[in-house]
Amino acid sequence: MSKIIILMMDSFGIGGAKDAAAFDDLGANTFLHIAEKYDGLCLPNLEALGLKKAGQLACGAEAPLKAGTALLKLRGGYGCMEEISAGKDTISGHWEMAGVPVRHDFGHFPLEYPSFPADLVARTCNRAGIGGILGNKAASGTVIIQELGEEHIATGKPIFYTSADSNLQIAAHEEKFGLERLYALCEIAFEEVKPYNIGRVIARPFTGERAGEFVRTPNRRDYAVSPFAPTVLDKAKAARLEVVAIGKISDIYAGSGVTKKVKASGLEELWDATLAEIKALEGSGIVFTNFVNFDMDWGHRRDVTGYAEGLMYFDKRLAEIESVLAEDDIVFITADHGCDPTYKGTDHTRECVPVLMFGKKTVEHSLGRRKTYADIAETIAKSFGLEGFGIGEVL
C-alpha cells in the first residue's frame, strides 16, 4: 500500500518557458528573481532535493541561495516541466497536472472598466435581490476592499472585480452583508457567467469597520467548472482509493474525484493539515495540498520579502514530512504556474515549474525537462495500476 503526496507551491515558477513571449512574460522567473532580490534566501531542504538544479534545467541560470544544513535526509528526482495548456491560470495548471490539459483557454472579462457586461450584472442583481454593484473592474482583492469597503457597508452593494485569470470575484463584508448571502450570490453569478466560458466565481469575504482596517477572512469559496474529462483524482476515487484535498484543491476540481475535503489556510495550518492527513490515511491514496499563500499573498501583491520568507518557512517544515512517510510513499513538490513578484503588473507569469519527486526508496537523479505537467498524472496512474492518459510520460 502506498500514498502519493502532492505539495503544490501555488505560483512557484522557475522561468524558462519556451512560449513566455506569447504571454508577454519573456524573462519572468519567480524563483531566480526572488533569490536575486532577497539577500540570504536559504532553502537547504529544497536545494538538497534538487531545486537549484531544476531551475538550471529550466532557464540555464543558477539561483543564488545561502548555504544551510538540510534536515530532510531523503533524495530523489528533480526536473522542470513545461505547460501545454492554453492559459496560465490556476485551473489549467492543476487540471493538466491531473491529466487533463486545457487546450482552449477560458473566457476572460476585460481589465478596463466596466469589466462585466451590463446584462450579466442586471440578471445577477435581479436574481439576488440587490440594488447594484461596486467595482466592476480588474483589481487587487486586498486593495479594492480598502477602496470600496466603506461604500459597500453603507450601500449594501457587493464589490465585483476580476483579474487576468478567468474569473469573477465578489467581495462582501462577512458580517454586515452575510457570509451565506455572499455564497448564495456567487452561486447565482456562477450560473450567469456560464455563457462567457468563465472558469471560476470566487467569494471573497472580509471584515473590518473602515478603510485601512479591512481584512479578508479564511472563508473564501471558489465555484469552478468541472474538469471536462476524468482526472487522475477521478480514476483514483473510482478505484476506491482515498483522495484527500487540502486547502482550495477541492474547489479547483469542483469536488470531482475528492473523497475528503480539508479546510485550511495559511502555510502553518496547511502544513499541519498535510502532515496530519498523511498520518491518518490508511491504505493507498492521494493527499493533495495547495499552498495558496505564495500566489495570493505574495505573488500577486509583488511582495518579494513575503514570498522569500514563505519559501523559507515551507523549507523548514519540509523536514517534518520524512517521519510520516511509509516505505513506498512518494512525494511530489511542484507548482501550477509562475507569479514573479519582480515582474510588471500583478498577473501570473508563464514559466516552467519544478518537479521534485522523492520517497524512502528513491535516489538522486535528473528527471530532465518534461514536455507537460501531465507527466505527474501518468506517474500516479502507473503507481496505482490505473489507466493512463496517453498525454505525458511516466517520470
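Select Met8 to begin: opposite Met8 stands Asn290, in strand 11. The model is predicted, so local features need pLDDT of at least 70 and side-chain atom pairs count only at pLDDT 80 or more, while totals for chains, interfaces and linings use all residues. Residues are numbered from 1 along each chain as its sequence is written, and side-chain values use heavy atoms, with hydrogens and water left out.

**The whole chain**

Zoom out. The protein has 13 helices and 14 strands; these are DSSP runs numbered from the N terminus, helices being H or I of at least four residues and strands E of at least two. Along the principal axes, the C-alpha atoms fill a box of roughly 60 × 50 × 35 Å. The radius of gyration is 21 Å, which agrees with the value near 21 Å for a compact globule of 395 residues. That radius is taken over C-alpha atoms, and the globule rule is 2.2 Å times the number of residues to the power 0.38.

**The sheet**

Two strands pair if DSSP finds at least two bridges between them.

Now extend the selection to the eight strands of this open sheet, in the order 10-9-11-1-12-13-2-14, with mixed pairing. Strand 10 (260–262) and strand 14 (365–370) are the edge strands, each pairing on one side only. On average, neighbouring strands of this sheet are turned by 15° against each other, direction ignored.

Select residues 267–280, which form helix 10. Helix 10 lies across strand 1, strand 9 (242–246), strand 10 and strand 11, and runs at about 180° to strand 11. Axes are lines fitted to C-alpha atoms, for helices over the stretch in contact, and angles run from 0 to 180 degrees between N-to-C directions.

Leu267, Glu268, Trp271, Asp272 and Leu275 in helix 10 meet Gly310, Tyr313, Phe314, Arg317 and Leu318 in helix 12, where contact means heavy atoms within 4.5 Å. By class, this contact has six nonpolar, one polar and three charged residues. Ala, Val, Leu, Ile, Met, Phe, Trp, Tyr, Cys and Pro count as nonpolar, Asp, Glu, Lys and Arg as charged, and the others, Gly among them, as polar.

Asp24 is not a glycine, yet has a positive phi of about 60°.

How far apart are the axes of helix 1 and helix 12? They are 10 Å apart, with a packing angle of about 105°; the two helices are therefore roughly perpendicular to each other. Thr30, Ile34 and Lys37 in helix 1 meet Val304, Tyr307, Ala308 and Leu311 in helix 12. Five of these contact residues are nonpolar, one is polar and one charged.

Next select Pro114, in the loop between helix 4 (90–97) and helix 5. The peptide bond joining Tyr113 and Pro114 is cis, with omega about -10°.

Finish with helix 5 (residues 118–128) and helix 7 (residues 174–192), whose axes come within 10 Å and cross at roughly 140°. Leu120, Arg123, Thr124, Arg127 and Ala128 in helix 5 meet Leu185, Ile188, Ala189, Glu191 and Glu192 in helix 7. This contact divides into five nonpolar, one polar and four charged residues.

How values were computed
Parallel < 35°, antiparallel > 145°, perpendicular 65-115°, else oblique.
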